[in-house]
Amino acid sequence: MALVESVAGWVPPQRVTNDDLPTHWGVDDAWVRTRTGIGARHRAGPGVSTGDLAYEAARRLLERTGHPEVDALVLATATPDHPCPATAPAVAARLGLGTVAAVDVSAVCSGFVYGLAYAQGLVAAGVAGRVLLAGADTYSTWLDPDDRGPGVVFGDGAGAALVAAGPAGAPGELLGFDLGSDGTGYDLITVAGGGSRARASAAPHGPGDGYFRMRGGPVYQHAVERMTGSCRALLAKVGWEPDQVDHFVPHQANARILSAVAERVGIDPARCVTHLDRVGNTGAASLPLALADADARGVLRSGDRVLLTAFGGGLTWGSAALRWAGSDAPGTRRGAASRTASAPPAASRTTSTPSAVAALSEELS
């Protein structure tokens, strides 16, 4: 069996509140919060890449867990440092992991769930005894400065998790997955330029082809329907009733999407782990950041039933069910693992406070 031993998260120090957004977007704090539930997001500084964020989250996780032996690194990202090569090998080298297997997984905002399944597969196949899984994205490098839609939603960040072999029934056990895709909707979430399709075309590149584009209405509908269906299928597979889920952790895309999925699945909104109010949509980093934040605040307890779900471009979606490990799981040190540069225990689950926001980057030194 494969266990999720511990998690950690990292966001860059530059914090952009709703009041800091460009004036020509014509939005204010109330407008953004009402439509998205987001109060702030973080941006990577000049010269800071996805690999840098992934390295930072992974480094902190390894330090806090006593540098356990790692056999493979999987990086879930839609914003790699380069089209070629993959970013994961460079991150592994910077971490001093030697010549371990290292690979990128690209499923956009579903990337962390896909990465969990990939990591579990490596463990189950005997290829790796422990996998370091990172989810990281720097969407700020893709955003059109004149497109307020994605601009108000997306932030930059990274999260990391250790997935290792362990006994059945142990805390942290990954119990099941539901994964899916629908390529007929590939054009709903896109960056048109930069790939082989654009390079092979005789047509001239458009000035905005390098920017992230999202068709909000259809994406909202697909996100709600696909995550709802995936959660229902997985709950049936693992034998959980909705009211047996202790913590529901959906991809932190939009507060209205989170609420709609929880309601349709039949999960009490009070059990929904929410982090996007302080960091926005961080792509493949959103689930590990939310988990690390909740764990740091004492929301998650060893043995709790946790349901993850995500939706992203492709279209892709996926859900995972696990029992939470807690800080006493193998590979962790009591009171040290599973922290994030995030809100302190006293912070509200859904309310952004000055102290909570300041804590997001308190570990920069």
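1. Contact here means heavy atoms within 4.5 Å. The model is a predicted one, in which local features need pLDDT of at least 70 and side-chain atom pairs count only at pLDDT 80 or more, while totals for chains, interfaces and linings use all residues. Residues are numbered from 1 along each chain as its sequence is written, and side-chain values use heavy atoms, with hydrogens and water left out.

2. Apart from neighbours within four places in sequence, Y139 is in contact with A78, T79, V108, C109, F154, G155, D156, F212 and G283. Y139 also belongs to the largest nonpolar core, a set of 43 residues in which Y139, F248, L307 and F311 touch the most other members. Such a core consists of buried Ala, Val, Leu, Ile, Met, Phe, Trp, Tyr and Cys residues joined through side-chain atoms within 4.5 Å. Buried denotes under 20% relative accessible area, exposed over 50%, and partly exposed in between (1.4 Å probe, protein chains only).

3. At least two residues of this core come from each of α5 (148-153), α7 (216-238), α8 (255-265), β12 (305-312) and β13 (316-323). Helix α7 contributes the most, with 7 residues. Helices (H or I, at least four residues) and strands (E, at least two) are DSSP runs, numbered from the N terminus. A second, separate core has 35 residues, including L122, L287, L291 and L308.

4. Strands β12 and β13 run antiparallel and are joined by 8 bridges; V306 has L322 in β13 as its bridge partner.

5. T309 lies in strand β12 and counts as buried because its relative accessibility is 0%. Its side chain makes a polar contact with the side chain of S319 (2.9 Å). A polar contact is a pair of N or O atoms within 3.5 Å; within protein, one must be able to donate a hydrogen and the other to accept it, and residues adjacent in sequence count only if both atoms are side-chain atoms.

Terms used. Two strands pair if DSSP finds at least two bridges between them.
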